[in-house]
Amino acid sequence: MMAPGDTLAAHEYPALADLMDMLALRYSVSPKFLAPPAPTAAQWQRAADLALRAPDHGGLRPFRFVIVGDAQRLPLAELFVQQALRRGHDTSEAQKARERAFNGPGLVALVAHIRADEADVPAHEQWLCVGAALMNFLNALHLMGFGAKALSGASVADPAIRKAFCNEGETLVSWVVAGRPTRAAHPKRQAAELPVIQPWQLPAD
Ligand SMILES: Cc1cc2nc3c(=O)[nH]c(=O)nc-3n(C[C@H](O)[C@H](O)[C@H](O)COP(=O)(O)O)c2cc1C
């Protein structure tokens, strides 16, 4: 079993049973528990390649990921500050917004493009594809030994920030932070009591 923070070389990838065990231990890791290194360009690419394995009705590929480079954190911070000020926040809140732009050693934006004119692929199916892509992306990062978390907050709805990441018709869904976990990932809340899978019960009448 891997320890938090371990990363794998290709020849060390575990057997299938181990992979199932490892996937069962994927939990989100907050930025405050993430340390360098960030995923490399090749590791981000690998995660994005697994995201492409999401079920995609019509092959619309309604998602893409945008990597925010180290040198781009400053311009992102400026966008976050402007967003906070536009929302009427004071300078101390704006400073907190600035710091959020530096969250996580690695940072990508998840962008969705949901098409309204696809008669055979309603919007909810396209959103499911985006969600499945995010899940595969997070699972890939986890299997490579990274902690990660999807975070949206108010920034993704800000018009100037959206414009900086999205083309016409696209939605800025969330940020994904990733890095080396500094503590073991664990569930945030208890498992729901309702069964997640059960046999179909035919209606009584
Ligand atoms: C698109 C998306 C956006 C999210 N945005 C936030 C957020 O802004 N703040 C937050 O605390 N959790 C957010 N979450 C939830 C966390 O990423 C995480 O799933 C949650 O804390 C539960 O942890 P788990 O993934 O270990 O079950 C978001 C999840 C998704 C899918």
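For the class counts below, I take Ala, Val, Leu, Ile, Met, Phe, Trp, Tyr, Cys and Pro as nonpolar, Asp, Glu, Lys and Arg as charged, and the others, Gly among them, as polar. I note that the model is predicted.

Entry on the ligand. I listed the residues around the ligand and found Y27, S28, K149, A150, L151, S152, G153, V173, S174 and K188. By class I count four nonpolar, four polar and two charged residues in this shell. I then asked which strands supply at least two residues each of the shell, and found β4 (147–151) and β5 (170–181). The largest share, three residues, comes from β4.

Entry on the helix pair. I looked up α3 (residues 73–86) against α4 (residues 91–100) and read an angle of about 150 degrees, with the axes 8 Å apart. Angles over 145 degrees count as roughly antiparallel, so α3 is roughly antiparallel to α4. The crossing of α3 past α4 is right-handed. On the α3 side I find A77, F80, V81, Q83, A84 and L85, which meet E93, A94, A97, R98 and R100 of α4. I sorted this contact into seven nonpolar, one polar and three charged residues.

Entry on the whole chain. I record six helices and five strands in the protein chain, in the order α-β-α-β-α-α-β-α-β-α-β along the sequence. The C-alpha trace spans about 60 × 45 × 35 Å along its principal axes. I find that 25% of the 205 residues count as buried. Of the contacts with a separation of 6 or more, 82% join residues 24 or more positions apart.

Terms used: Residues are numbered from 1 along each chain as its sequence is written. This is a predicted model: local features need pLDDT of at least 70, side-chain atom pairs count only at pLDDT 80 or more; totals for chains, interfaces and linings use all residues. Axes are lines fitted to C-alpha atoms, for helices over the stretch in contact, and angles run from 0 to 180 degrees between N-to-C directions. Helices (H or I, at least four residues) and strands (E, at least two) are DSSP runs, numbered from the N terminus. Angles under 35 degrees count as roughly parallel, over 145 as roughly antiparallel, 65 to 115 as roughly perpendicular and the rest as oblique. A crossing is left-handed if the near helix is turned anticlockwise from the far one by less than a right angle, and right-handed if clockwise. Two residues are in contact if their C-beta atoms, placed from the backbone, lie within 7 Å. A residue is near a molecule or strand if its C-beta atom, placed from the backbone, lies within 6 Å of it. A residue is buried if 20 or more other C-beta atoms lie within 10 Å of its own, exposed if 12 or fewer, and partly exposed in between; C-beta atoms are placed from the backbone.
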